[in-house]
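Keep the picture in view, try each task yourself, and then follow the solution step by step.

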Amino acid sequence: MDVLDVVVIMIAGLWLFLPAMLPNSAAVVFGGGTPVDLGKSINGKRILGDGKTWRGFFGGGLAGVVLGLILMAIAYVFDPDSLFGYMSFRKGICIIVCLSFGSLLGDMLGSFIKRRLNIERGKKAPVLDQYDFLIGAFLLTSLFYPHWVYDTYIEIPGGHIFALIFLLIITLLLHRAMNIIGYKAGLKDVPW
Ligand code: CTP
Ligand code: MG
């Protein structure tokens with residue numbers, strides 16, 4: 001394993017994970033309307049809050065899946081045998097759906113935890129805000145494709161763990177950047 005191998009592993013890991021990274025930003029664009037929790041509360045605290053809507057969930061989820069299909073089409077041109085790591089169209093679509101909707105489920109779990117901790121909608125919750133989507137995407141994908149997740153992001157001797165480390169760092173930077181962009185574009189009320 002030399003430096004170039006590690007760079008390829010990190011870039012492939014990021015590329016394959018893009019369908020998990022788009023949905024939450026897309027949800028900001030598509031979101032609005034009926035909240036997922038239908039406005040209901042438990043013990044006087046909202047279950048999820050007005051920031052989690054059905055439109056955001058399905059709009060964001062479909063955006064992630066469409067992005068994944070485009071990534072597979074591009075990969076097919078250069079690497080028809082393994083699609084840069086999605087392996088086949090059939091498996092790839094299933095992985096992409098897990099990544100995309102898993103990221104939104106993770107985001108909702110994050111909001112659920114925030115509400116239980118009395119953190120209002122839109123108020124900061126460090127770590128949770130940045131990584132809830134990533135945890136959700138990995139959990140749902142691991143449920144159906146544990147070997148794929150292990151081989152792509154965990155396996156240490158071949159250096160695949162660097163793909164995960166790279167994702168964790170990129171996520172922090174992107175989260176910061178996207179929130180500032182969303183704020184400047186008037187899509188978000190606060191720059192975080
Ligand atoms: N959004 C949505 N539906 C989702 C996820 C997000 O409609 N399932 C939209 C909402 O307009 C939300 C915005 O995207 O306000 C930003 O998402 P996020 O930062 O995750 O929500 P917050 O409003 O900050 O709420 P929370 O405190 O629950 O994270
Ligand atoms: Mg937020």
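## Exercise 1: Contacts of the ligand

A polar side-chain atom of Arg121 lies 2.7 Å from an oxygen atom of ligand 1. Before going on, please note that this is a predicted model, where local features need pLDDT of at least 70, side-chain atom pairs count only at pLDDT 80 or more, and totals for chains, interfaces and linings use all residues. Residues are numbered from 1 along each chain as its sequence is written, chains are lettered from A and ligands numbered from 1 in the order in which they are written, and side-chain values use heavy atoms, with hydrogens and water left out.

Task: Find how far an oxygen atom of ligand 1 is from an N or O atom in the side chain of Lys114, and do likewise for Asp107.

Solution. 
- Step 1. Recall the rule: a polar contact is a pair of N or O atoms within 3.5 Å; within protein, one must be able to donate a hydrogen and the other to accept it, and residues adjacent in sequence count only if both atoms are side-chain atoms.
- Step 2. For the side chain of Lys114, the distance is 2.8 Å.
- Step 3. For the side chain of Asp107, the distance is 3.2 Å.
- Step 4. Now look at cover: ligand 1 has 570 Å² of accessible area on its own, and the protein covers 86% of it. Accessible areas come from the Shrake-Rupley method with a 1.4 Å probe; for residues, only the protein chains shown count as cover.

## Exercise 2: The shell

Task: Describe which residues surround ligand 1 and which helices supply them.

Solution. 
- Step 1. Count the neighbours: 17 residues surround ligand 1 (a heavy atom within 4 Å). The closest are Lys52, Thr53, Ser111, Arg115 and Arg121.
- Step 2. Turn to the helices (DSSP runs of H or I, at least four residues; strands are E runs of at least two; both are numbered from the N terminus). At least two shell residues come from each of α2 (23-30), α3 (54-78) and α4 (89-116).

## Exercise 3: Buried or exposed?

Task: Decide whether Thr141, Asn118 and Phe84 are buried, partly exposed or exposed.

Solution. 
- Step 1. Set the limits: buried means under 20% relative accessible area, exposed over 50%, and partly exposed in between (1.4 Å probe, protein chains only).
- Step 2. Thr141 has 0% relative accessibility, so Thr141 is buried. Thr141 sits in helix α5 (residues 128-144), and its side chain reaches the backbone oxygen of Ala137 at 2.7 Å.
- Step 3. Asn118 has 57%, so Asn118 is exposed. Asn118 belongs to the loop between α4 and α5, and its phi is positive, near 65 degrees, although Asn118 is not a glycine.
- Step 4. Phe84 has 32%, so Phe84 is partly exposed. Phe84 is in the loop between α3 and α4 and has a positive phi of about 60 degrees, again without being a glycine.
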